[in-house]
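Open the model in a viewer and keep the selection panel at hand. The stops below say what to select and what is there.

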Amino acid sequence: MEQNVARVISKNVDRYNLEDIKTNEMFFAILKGNVKSNKRNILVGDTVAYEKISDVYVITKILERKNSLIRPAVANIDNLIITLSIKDPVIDYNLLDKELILCFASKIEPIICINKIDLKDETNKAEIEYIKSVYGKICNNILFTSAKDDIQTDKLCKLLKGKISAFSGNSGVGKSSLISKLSSNDNLEIGDIAKKTKKGRHTTKSVTLYKIAKDTYIVDTPGFSSYEIYNIEACDLKKYYPEFHNNDCDFDDCNHINEGSNVCAIKRDIDKNIIDRARYTRYVSFYNKLKAEEMYKYK
Ligand SMILES: Nc1nc2c(ncn2[C@@H]2O[C@H](COP(=O)(O)OP(=O)(O)OP(=O)(O)O)[C@@H](O)[C@H]2O)c(=O)[nH]1
Ligand SMILES: [Mg+2]
Ligand SMILES: [Zn+2]
């Protein structure tokens, strides 16, 4: 018998709101006993197998995940739209780099979205070039959007098609404004997310997938802003810097911190301007913070 497969759209204690992958039918389901005793928690975003047992929908199995996050608790995210604004507020490179680490560690496609591009003037020119040259090598998609003047919002919309996407970024960069652009005219639900995200920032903990088109969802959660790196060991951090990959340091397992440029190929690349020095400096600070946390934990 062919198995019924559904996506978990939201959950409320032990009731799950599911959407059948094929028919798009929505219904509530409960967990089968033996799935419950299984240590793995069902997350919003999970795909699950289910059965209908005398009028009750029952989840029988969690299917394989592409990824899962703890904060926010969600599975199978495809895209993270790392939202920044060219001004008001200025670009937070610390947050940008941390969220890129999250993406590369969790197999999430990063989409860097520099919003409020309508406000750009001569003074922003150099920074725009800087972002293109440094981050263009790391990230396949960099958009310069304006939610106000509808610049590149259609491009953003296309990238989200058929995927589960989440927005991250500091307060005021324009996440809600962009999200409201993604809904075609009469989609009221999206207008609600915009409002909800604002008011729910300190109150809502539960995660919900909002459908904006067929098989296309936005995760409604405040959990991606002011993000801190977790679940990554200091010695693994370098793996999530694509520009560090084509190197051969003379010192095996080099973390590119303490070795000099005579040994460390990354240090040489920085001196030659092949690797951005500011991004490297932030790498060192993240590394040191993780190292300090590990020392504290294992003491
Ligand atoms: N000029 C300009 N202003 C924008 C643009 N996008 C958003 N804004 C304005 O920036 C302010 C913040 O936008 P929001 O969409 O609320 O930002 P947010 O990221 O959702 O902020 P939080 O909900 O606090 O996290 C609002 O006054 C918007 O009107 C844009 O593309 N250009
Ligand atoms: Mg908002
Ligand atoms: Zn090195």
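## Rings and cores

In this predicted model, select Y93 and Y135: both are buried. Their ring centres are 6.3 Å apart and the planes meet at 25°, so the two rings count as stacked. Colour the helices next: Y93 belongs to helix α2 and Y135 to helix α3 (residues 125–135), and the pair links distant parts of the chain, 42 residues apart.

Stay on Y135 and show its contacts. Leaving out residues up to four places away in sequence, Y135 touches Y93, L96, D97, L100, I112, Y130, I142, R279 and R282.

Now select the largest nonpolar core, which has 72 residues; L18, I112, Y135, L237 and Y283 touch the most other members. Helix α2 (residues 93–106) gives the most to this core, 7 residues. A second, separate core holds 13 residues, including I111, L156, L160 and I179.

Move to Y241 and F244. With centres 4.9 Å apart and planes at 15°, this ring pair is stacked too. Y241 is at 0% relative accessibility and so counts as buried; F244, at 3%, is also buried. The whole structure has 10 aromatic pairs.

Two charged side chains come next. The charged end of R15 sits over the ring of F28, 4.0 Å from its centre. K132 lies over the face of F144, at 5.6 Å from the ring centre.

Finish with the cysteines. Select C157, partly exposed at 31% relative accessibility, and C235, partly exposed at 35%. How many disulfides does a search of the whole structure find? The search finds 0.

Definitions and conventions
Residues are numbered from 1 along each chain as its sequence is written. Chains are lettered from A and ligands numbered from 1 in the order in which they are written. This is a predicted model: local features need pLDDT of at least 70, side-chain atom pairs count only at pLDDT 80 or more; totals for chains, interfaces and linings use all residues. Side-chain values use heavy atoms; hydrogens and water are left out. A disulfide is a pair of cysteine sulfur atoms within 2.5 Å. Buried means under 20% relative accessible area, exposed over 50%, partly exposed in between (1.4 Å probe, protein chains only). A nonpolar core is a set of buried Ala, Val, Leu, Ile, Met, Phe, Trp, Tyr and Cys residues joined through side-chain atoms within 4.5 Å. Helices (H or I, at least four residues) and strands (E, at least two) are DSSP runs, numbered from the N terminus. Contact means heavy atoms within 4.5 Å. Rings of Phe, Tyr and Trp (its six-membered ring) pair if their centres lie within 6.5 Å; planes under 30 degrees apart count as stacked, over 60 as edge-to-face and the rest as tilted. A charge sits over a ring if NZ of Lys or CZ of Arg is within 6 Å of the ring centre and within 35 degrees of the ring normal.
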